[in-house]
Amino acid sequence: MLIDFFYTLRAAKLPVSVKEYLTLLEALQTQVVGPGSDACSLDDFYFLSRLILVKDEKHYDKFDRAFGAYFKGVELLTDFTQDVPMAWLEKILQKELTPEQKAAIEKMGWDELMETLKKRLEEQKERHEGGNKWIGTGGTSPFGNGGYNPQGIRIGGKGGNKSAVKVWDQRSYRDYDDTQELGTRNIKVALRRLRRFAREGSAEELDLDGTIHKTAANAGFLDILMRPERHNNVKVLLLMDVGGTMDDHIARVEELFSAAKAEFKHLEFYYFHNCVYDFMWRNNKRRYAEKFETWDIIRKYNKDYKLIFIGDATMSPYEIVQPGGSVEYNNEEAGAEWLQRLLHAFPKYAWINPEPQGVWEYRQSIAMIQQIVSQRMFPLTLKGLEEAMRMLSK
């Protein structure tokens with residue numbers, strides 16, 4: 001079984017070696033985990049194998065996906081006494097509402113929403129599900145998770161309708177993989193439009209065309225011409241939305257990220273969630289421990305950097321215009337303020353949106369972001385990329 005597991009990790013492009021595999025077997029034989037028992041639990045094996053086989057945090061996500069795919073269902077198969085979960089039999093926590101019912105749910109304003117939540121926390125004493133008032137699961141209450149409310153606060157659990165204006169739940173996002181293999185070269189070709197080569201430095205390179213032209217003009221007498229060496233001077237500052245609704249676009253954004261890493265010699269990148277605020281991060285595993293102040297980023301890079309946002313701009317409008325509107329923490333200044341500062345610092349900018357352009361007009365937040373970026377929003381299509389690169393090159 002573990003040989004197949006080893007090949008599964010290799011197939012997931014994890015750099016695991018035979019030596020590390022043998023070390024894992026040795027650790028199991030010496031009962032490093034599960035001492036005194038015949039076998040360790042699946043959780044024990046997960047942490048042990050990750051410790052031995054994964055040498056860099058950037059591979060944790062690949063390992064998790066490969067581990068989950070290989071051992072899916074193992075725990076249930078080894079314990080035949082477990083009952084079939086009711087959630088498999090009925091969707092009582094995924095209440096289906098008619099369009100009329102959804103329209104009947106009134107939207108609260110920001111202040112009323114937060115004040116009502118405060119009262120609910122004081123009054124509620126037990127778990128609740130399937131209602132329209134208390135903090136719980138399912139139902140149409142503006143507080144909880146798994147149900148429907150056009151402007152609610154998700155507390156715990158996993159969202160389903162992408163309409164929460166606040167998320168009080170520990171979230172873990174993964175870095176976009178810049179080694180993702182591209183299915184097509186077209187994205188690279190589109191990005192290449194931005195690459196401007198400038199003649200700089202001392203004359204170190206043979207100007208072949210100039211030499212031929214000059215020699216011909218001199219009736220065949222060789223006249224060698226030199227020219228400065230070519231340099232790729234394009235500088236790109238890439239800011240990428242990650243997590244939440246962006247999970248639907250991971251594969252395409254990874255392709256774009258891979259192409260950008262290959263095409264631009266001077267590329268700096270940072271992550272944000274939904275909207276830019278006072279800090280960003282470069283590693284999603286350490287995003288709370290290693291924050292980069294947005295003001296420091298603005299001061300660090302010169303105006304000659306091309307600023308490119310990648311994000312679906314799909315969020316609560318509060319996140320853009322309301323102090324404290326972030327779904328994750330109480331931001332002192334609205335996201336729009338930080339966007340304006342970035343656009344002022346980097347006059348050459350564009351926003352790439354992976355959402356289909358046909359839905360843009362139905363998303364209030366997209367319209368707001370479009371207005372802030374002066375309509376410099378382009379779809380994540382080949383045509384959209386070419387238009388964005390052409391605009392940035394002007």
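# Reading burial and ring pairs in a predicted model

Me: I am starting with helix α13 (residues 335–345); which of its residues are buried?

Reply: In helix α13, the buried residues are G335, A336, W338, L339, L342, L343 and A345. Buried means under 20% relative accessible area, exposed over 50%, and partly exposed in between (1.4 Å probe, protein chains only). Helices (H or I, at least four residues) and strands (E, at least two) are DSSP runs, numbered from the N terminus. An α-helix has 3.6 residues a turn, so residues three or four places apart point the same way.

Me: What should I keep in mind about the model itself?

Reply: This is a predicted model, where local features need pLDDT of at least 70 and side-chain atom pairs count only at pLDDT 80 or more, while totals for chains, interfaces and linings use all residues. Residues are numbered from 1 along each chain as its sequence is written, and side-chain values use heavy atoms, with hydrogens and water left out.

Me: What do the buried residues of α13 pack against?

Reply: They pack against β7 (235–241), α11 (294–300), β11 (305–310), α12 (318–321), β12 (349–353) and α14.

Me: Where is Q370, and what is Q370 in contact with, leaving aside its neighbours within four places in sequence?

Reply: Look in helix α14 (residues 364–372) for Q370. Contact means heavy atoms within 4.5 Å; with those neighbours left aside, Q370 touches W360, Q375 and M377 in this sense. Q370 is buried, at a relative accessible area of 15%.

Me: How do I read an aromatic pair?

Reply: A pair of aromatic rings is described by the distance of the centres and the angle of the planes. Rings of Phe, Tyr and Trp (its six-membered ring) pair if their centres lie within 6.5 Å; planes under 30 degrees apart count as stacked, over 60 as edge-to-face and the rest as tilted. This structure holds 21 aromatic pairs. Take F5 and F67: their ring centres are 5.8 Å apart and their planes at 90°, so this pair is edge-to-face. F5 lies in helix α1 (residues 2–11) and F67 in helix α4 (residues 60–70), so the pair ties together parts 62 residues apart in sequence.

Me: Are F5 and F67 buried or exposed?

Reply: F5 is buried, with a relative accessible area of 1%, and F67 counts as buried at 7%. F67 also forms an edge-to-face pair with Y46, 5.2 Å centre to centre with 80° between the planes.

Me: Which residues form one aromatic cluster with F5 and F67?

Reply: The cluster is made up of F5, F45, Y46, F47, F63 and F67.
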